[in-house]
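Dear colleague,

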Amino acid sequence: MRYSSMFRLRKLSRLQRFLAAGLILALLSVGALGTVAAQSSPLHPTFPFLDADGQNVLESGQPVSTMETCGACHDTAFISEHSFHTDVGLSEMMPPGQTSSGRPWDTSPGLFGRWNPLTYRFLSPEGDERIDMTTAEWVSTFGVRHAGGGPAEIGQNGQPLTDLPVYKGDPETHIVDPGTGELIPWDWEESGTVEMNCFLCHTQEPNNDARIEALHDGQFRWANTATLLGTGIVDQVGDQWTWNETAFDDEGSLLENAITIQGPTSGNCAQCHGLVHVESETPLALSGCTPEQWSTITTGQIVSPQRISDSGMNISAKEDLGRSWDVHAERVIDCTDCHHSLNNPVYFQESDESQPDHLTFDPRRIDHGEYLYRPLHQFAKGQSAQGSLAPELDNTARRCESCHNIEETHDWLPYKERHIDAVSCESCHIPELYAPSRQYIDWTVLKPDGSAVAGCRGIEEEGETFSSMLITPYKPALLPRENSDGSTSLAPYNLLTSWFWIYGDPERPVPQRDLEAAWLDGDEYHPEILSLFDKNDDGQLDSSELVIDSGEKETLIASRLAAAGLDNPRIASEIQTYSINHNVTHGDWVTKDCRTCHGSDSLVTQPVKLSDRIPGQRLPTFVGDDSVAAEGSIFADEAGDLYYQLETGEANLYVLGHDSVNLVDWLGSFIFIATILGVVTHGGLRLFMSRRNLTAHEPELQGVYMYSVYERLWHWLQTLVIFVLLFTGLIIHKPDKFGVFSFSYVVQVHNIMALILVLNAALAAFYHFASGEIQQFLPRPRGFFDQAFAQAKFYLHGIFRGAEHPFEKTPQRKMNPLQQVTYFAILNILLPLQILTGLFMWGAQRWPDIVASMGGLPFLAPLHTLVSWLFASFIILHVYLTTTGHEPLASIKGMIMGWDEVEVHGHEAPSTAGD
Amino acid sequence: MKDFKYIWVIGLVVTLLIVIVPILLFVSREAEAEEDPWHFLPERVPHVDHTDLMTGPYESGPDVTRACLECHEDAAHEVTETVHWTWESEPVMLEGRDQPITIGKKNSINNFCIGIQGNWTGCTRCHAGYGWEDADFDFSNEENVDCLVCHEQTGTYTKSNSGLPSEGVDLAVVAQSVGMPTRTNCGSCHFNGGGGNAVKHGDLDGSLFFPTENIDVHMGRHDFQCVDCHLTENHEVEGHLISVSADDHSDLACTSCHDESLHEDERITAHLDAIACQTCHVPEGAVRQATKMDWDWSTAGQDLPEDPHEYLKIKGSFVYEQNFMPDYAWFNGKADRYILGDKIDPTVSTVLNQPRGDIHDREAKIWPFKVHTANQPYDPNYNHLLQPKTVGEGGYWTEFDWDMAARLGAEAAGIEYSGEVGFAPTEMYWVLSHMVVSKEEALQCHDCHSEDGRMDWEALGYYGDPIRWGGRSQTIGLNK
C-alpha cells in the first residue's frame, strides 16, 4: 500500500468508494456467509447485540453499540472514561505550544494532538488559518490505530461530536477539501462516531482490515461492526450491512458457539502495536520498513518466540542467530502479563507510598466479579521516551527486577550494584536489534507518490524488493535516561531524526497538500525542480538526488511554498528518541564482555548515525519530553553523514577504562619520566665519579641490626601490594593496551589488593604507635632546616665526591630529615588520599548519595589516577635513594635480612643493641 | 631470628601467601569448565590393513570366519554370547507373568513382518551368522559367525537367504577390507528393518549413511559412527530397543557423555525431571525418508497397482509419513511385551510393547515414540495373534493363502491355530533416539506450551499446561 495513501482520503465520490470497498468485502464475506465462528469461549454468557438506542440490532438493522451491548453487564461508561487507549490525549488538550514536547503546534501529549514526523499530518489547533487535518479526518486516518471512543466520539469540550453546533471554520465539525484547502462541513450524524471498540481486543479474530476500510470510507458508525466481519454474525454486501439471524437464537441473543470473547492476546495488541508473530511453523517475514507495524518501524523490535535463524528475513549471518527474537515471548509470556489492567486482582499491588513497612503482600483486593464489572482499562506501562501519554501511569508495569532475581544471577559481575544502578537491564540484555527501523525521514523533499524520503537503520537503501536487501543488525544508542525516582541510568534507544518545512509564526509544519503542490504537478515533478535536482539527467529523481544540499535548492522550494501563501517557510529538524524494552535476550547473547563499555571503543560513546544527509544544513534538536538527558554532540563527518555522540563528561558519567582526564595523565607521566631521568642522571654521575676514583672517604663499616622481622614484612608486603595495585590500576585505566588481561579479573584483584594494603597499613600504624617507633617518622623541628639543608647538599654535591654522610643511620634514628618529610607526606597525605578516593570509588555502589555529593567518579577517579602516578614516581625515587648508603645494595639487603652497614664514627658510637 | 640466613625465604613465602590466598578465595572466575563430552568417546583402535593377512581364496562365509579365528581366537565365541547372534534375551521376569521368559527376534512377534519362525531363510539375511535356515540352527558352531557383515569396508558385501553371502561377492577382497564397524556396516541391516529402507524404526534409515548435520548432529557434524555411542566390549554392543528387549540392563543414554547440568538455563534443567533428552532434541522422526506408520495386512493378496509406499500384493496397504511429529508417552525404561499365545481383545488395539511408567512414577519421563499401527492376522477363536509363514514353500508370499500361512506359521512358532484367520489392530512403540538435531534446532517453549502444542497434557496425567497448572510435583503431590 502506498505510504501516504494510508493516511489520505481517496478522491472518489462517496458512492464510488462504498461500492469499491463493498465489492472487495463482499468477495471476502461470501465465504463467511452463514458460517459461524469455530471456537467458543466456555464461560461468557450469551447476550443480545444492541444498537445505540438500546434496540436489538436484529430489529433495527443499526450498527452494534459496544457501549450498550457490553454495557449490559460491564460498566462501559467507567471503562471508556478510564482508558488512555481511548482518551489518547483528549482530556489533556491544551493551547498549542504548551505541551511537554515543546513543539509549537502540539496540543496534547497523545495520539490526538501530538505530532509525529512518521505520520506527518497534524491535528490543526483551533484558530489556525491554514488547516491541515480536522477531527473527522483524524478519525478516518489516525483512528486506524485508535481503540475508538474518546476523540472519535466526543468533542474537545466534552460534548458528543454529533451534538456539536456547526460553526464556520470549526475544525471539529468540518473537513478539509484536499483540492481547495477549504473547510467543508462534516455531518457527524450521517457518518456516526466510533465508540470504544471492545471487539478489537476482546475477540479471537477481529477483522481489523474491514474496520480500517470502514474508517477510511468515513463510515464511522459501522467501524465496530466491521470488526466482526468474517465471524458470521454480520455480513456486508456492497453498501449494506446485514445482521445474520442464524447466528442468534430465538430470543435474539448470540448463539453460544458464536461467542469468541476472550482476554486480549499478544495478537490483539499487535494489530496496532505490531509486529508480533507467534506461529512457530511459519517463518517470520517482514514486508518492508513500513509504518504498519509501529513498534517495529520505530525501534526494530519484533515480538516473536521464533528463532531468528528460522525466520524468513534476509539478515546478515542469520544461521548463527540461534536466539529467539524475544526471550519473554519464547517463554510464553503475553503482553498483558506485564501490561496488565491496573486493577486486575491477579496482579494488583498496593502502591509503595501507602503500603506500610510491615507488609510485603496484602491479599485484600477486589474479587473477580467486581473486576469484570469495572475493569480499569488503564494498563500498566513503563517509562518510555515516546510514551508521553498518561505520564501519571509511568512505571506501573513490572520492571525486570520485580520478576527476576538479579542478585543471584549476576554474581560473576564485579561491582554488580553499581552496574545495576548506572546501567538499565536493557542496555546489556538488548544488545542488538535484528529488524530494520526508521533512521530518518526527510519531508523537505517529496517522492512522486507524495511520500518523504526515508532511511532505515539496518538496510542499505530501499531498493526494488525488500526481500533482496540484506539486513544488518544494529546496536541501539545508549543514552542516559532520567528515571522517575530521580536517578539516571543508561538505556538503549533508537534515534529517529526528521527534517521538515515549517512556516509562519507560531510555527506550523507545512501541510502535506501544500508540499505536494510545491513539488509535484500531478504525478510528475515541476520542471524547475527536476532540472535543479536531477544530477545525472535521467529525468528522474532518486533518493540520493532528492536532498536539499545547497542554498539554491532550499531557496527554490521555499519560494514555491511562499508563493502558495506560506509565510517564511524554513527547514526545521528534530530527533525523537524511542525507548527499546522488548527483544530481550539471555545467556550467551547478552553483552558480557567488560570491554564493550570499558575500553577506548566504548559502546557508550559510539557515534550513532542519524542520517546520510543534512537538509538545509539544519542540525536537529531533541524533542523536549523524552526524559533522555542527552548530553552529547551532533556532528557531520567528511562523507556528509550526520552523527550523534554521547559525551560521558557532560552526562556526568565516568566509565573506567574509557574516560580519563588527559591533563592528569600528561602531568603524571611527565613527573614519572622526569623522576626516571633525574635518577638516571644522578646515578650515572655517581657511577662516573666513582670510576674516576675521586672518592676521598673510605669509611669503616660495621654491621648493625636495623630492621625487625615485622618491619621488613610489612614493608615488602606493602611493596608487592602497591606494585600489583599500580599494575592492575594501569590495566583498568587503559584496558585496550592490555587486552590479554581479563578486565573483570583485574578489577577484582585490584580491590583485594587494596584491602590488603589498608589492613597492612593499619596494622603497621598500630605497631609503630604502640612500640613508639612512630617517633622515627616525626621530623624534629629544632635544627630541622639546617639538617635538611645539609642532607640536600650531600645529595646534590657531596655524594659525587665521596663525602661523609651528614647523617648516620642508627636503629633509633633510621631516617634523615629529608626522608622523614617525604614519608610524612606519603603516609599522611598521598596514601590516605589514595585510599579514600579508592574507597569511595568502590563505595559508589554502596553509598551512592555520599559519593555523588563529592563529585562522583568524574572527580574521584582522575584524582586517584594522579596520586597513583605520584606513587609510581616515588617508588623510582625511593629505590634509587636506598643506594645512596655506603654500599649501593646495603640498605636493600638490610631491608631483607635486617642487617645494615653503618659507618663507624669516632664521635658517635653506633649502638649495636638489637631490637 | 636475627641471624637466620634463610629468613628471606620465609619472608617471601609469607608475603606471597598473604597476597595470593585472598585472590584465590574471593575472585570469581568464569563458569567452571564442564566435563567435556569428548572425554567419553571410545578410543578408536588403529586400523590394521588385512590385505596381506586374508589372502584367500575363500569358498564360503565360514571359510572366512575360520581364517579370522586364526588370530582372533575368541572373537567368534564372544559374538555367540551376544544378542546379535542369539536373537534372544536372557530369561527375564516380566510383570504379570509367573515364569521368566526370553524374548527376541527369535521368538517374538512385531506388527511389521510379524515373526521369523518358519521364515528363517528370508529373515536371517540380517543375522550375524551363516546358514540359519530352520529351527535346528546350531548356535554353538562358532564358525558360522559372520565377521564380514560388521567389519568389511568395501561396501560390496551383501547377504542373501539364510544369511549366506550373496552370489558374486568376492570374499577375499571383502575379507581384506575389514576394519572398525562404520555406519555402513550397522546400517546395512538396521536401516532396512521391516523389509526395506526406512520402514521400521523411524529414526534409522539410509539418510544416516552420510548425513548432513541437519539430519543428525552427532553423525552429521561430528561423523560419529554407531560404535562411538553403542560402546562395544568383547563384541557386546551396548544399547537395546523395547521391541526386542524387556529390560534396560544394557542401557545407554545421552548422559553417558553429556553432563546432566549442561543447560545453562535453570528452567530447562527443571524439565529434566519429567522430560527425556530426546523429547526436545529429536523433534521429528524420519526427517528425510518417509517411514511406515501403518500396515494393513488385511488388504493383501489383491491384484491392485503396486507401489512400495502404498500397496504391495504380498503385504497389504501402508501409510508412510516423513518428518512426523512423534507421539509422547511416559517411559521408565521398561516395557510390557506381547508373547506368542497371549490373549488379545480384537476390538481394541493391542499394544505389543507398551512402555511402562506414568506421571506418578519418578523413574519415568516423557519420551518421543514412533507408534506403528497395523492390522495383522489373529485367531478369532483362540483370541491370540498369529504368526504367519510368509517366506518359502507354502508361505503367504507365494501362495497368498492365509489359512495355509497361518497353519504353517503356527506349527513353526508352537502356537494353536483354530483354522480361522481374522485381523486385529495392533500398535508398537519405537523409541526415537537418532536424528538428534543440533541444539539450535531443539524444541522451544511454545512447541509444547501453546494452544496447538505437541503435548496432550491431560492424557499424560497433568491437569493442564504445566506452565499454568503446575508441573509434575504439583500434580501428584509435592511430597511423593
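This is a predicted model: local features need pLDDT of at least 70, side-chain atom pairs count only at pLDDT 80 or more; totals for chains, interfaces and linings use all residues.

Chain A has 30 helices and 18 strands in its secondary structure. Its radius of gyration is 38 Å, whereas the globule rule gives 29 Å for 915 residues, so chain A is more spread out than a compact globule. Of the 915 residues of chain A, 50% count as buried, and when one takes the contacts between residues at least 6 apart in sequence, 67% of them join residues at least 24 apart.

For chain B, the secondary structure comes to 18 helices and 10 strands, and the C-alpha atoms fill a box of roughly 110 × 65 × 45 Å along the principal axes. Of its 480 residues, 46% count as buried. Among the contacts in chain B with a separation of 6 or more, 70% are between residues 24 or more positions apart.

**Where the chains meet**

The contact between the chains draws on 34 residues from chain A and 33 residues from chain B. Together the two chains bury about 2800 Å², and 61% of that area is on carbon and sulfur atoms.

How many salt bridges are there between chain A and chain B? The count is 1 salt bridge, and the partners are A:Arg331 and B:Asp265, whose closest N and O atoms are 2.8 Å apart. Across the same interface, 4 residue pairs are in polar contact, with both residues of a pair at pLDDT 80 or more.

On the chain A side, the helices α24 (709–733), α25 (743–771) and α30 (890–897) each supply at least two of the residues that touch chain B. The largest share, 7 residues, comes from α24(A). Sorted by kind, the residues on this side of chain A divide into 18 nonpolar, 8 polar and 8 charged.

Is B:Asp228 buried or exposed? Its relative accessible area is 3%, and B:Asp228 is therefore counted as buried, since the cut-off for that word is under 20%. The side chain of B:Asp228 makes a polar contact with the side chain of B:Arg44 at 2.4 Å, and the side chain of B:Asp228 also reaches the backbone nitrogen of B:Gln225 at 2.8 Å. If residues up to four places away in sequence are not counted, B:Asp228 touches B:Leu41, B:Pro42, B:Arg44 and B:Asp223.

In chain A, A:Arg560 lies in helix α22 (residues 551–563), and at 19% relative accessibility A:Arg560 counts as buried. Its side chain makes a polar contact with the side chain of A:His526 (3.1 Å). Beyond the residues up to four places away in sequence, A:Arg560 touches A:Ala517, A:Ala518, A:His526, A:Glu528 and A:Ile529.

A:His340 is found in the loop between α14 (335–338) and α15 (368–373) of chain A, and A:His340 is buried, with a relative accessible area of 6%. Leaving aside neighbours within four places in sequence, A:His340 is in contact with A:Tyr347, A:Gln378, A:Phe379 and A:Ala380. The C-alpha atoms of A:His340 and A:His582 are separated by 16 Å, and these residues are 242 residues apart along the chain.

Lastly, A:Glu887 lies in the loop between α29 (856–881) and α30 of chain A, and at 40% relative accessibility A:Glu887 counts as partly exposed. Not counting residues up to four places away in sequence, A:Glu887 touches A:Leu701 and A:Glu901. A:Glu887 and A:Leu701 are 186 residues apart in sequence, while their C-alpha atoms are 9.6 Å apart in space.

With best wishes

How values were computed
Residues are numbered from 1 along each chain as its sequence is written. Chains are lettered from A and ligands numbered from 1 in the order in which they are written. Side-chain values use heavy atoms; hydrogens and water are left out. Contact means heavy atoms within 4.5 Å. Buried area is the accessible area (1.4 Å probe) that two parts lose on being put together, summed over both. A salt bridge is a side-chain nitrogen of Lys or Arg within 4 Å of a carboxyl oxygen of Asp or Glu. A polar contact is a pair of N or O atoms within 3.5 Å; within protein, one must be able to donate a hydrogen and the other to accept it, and residues adjacent in sequence count only if both atoms are side-chain atoms. Helices (H or I, at least four residues) and strands (E, at least two) are DSSP runs, numbered from the N terminus. Ala, Val, Leu, Ile, Met, Phe, Trp, Tyr, Cys and Pro count as nonpolar, Asp, Glu, Lys and Arg as charged, and the others, Gly among them, as polar. The radius of gyration is taken over C-alpha atoms; the globule rule is 2.2 Å times the number of residues to the power 0.38. Buried means under 20% relative accessible area, exposed over 50%, partly exposed in between (1.4 Å probe, protein chains only).
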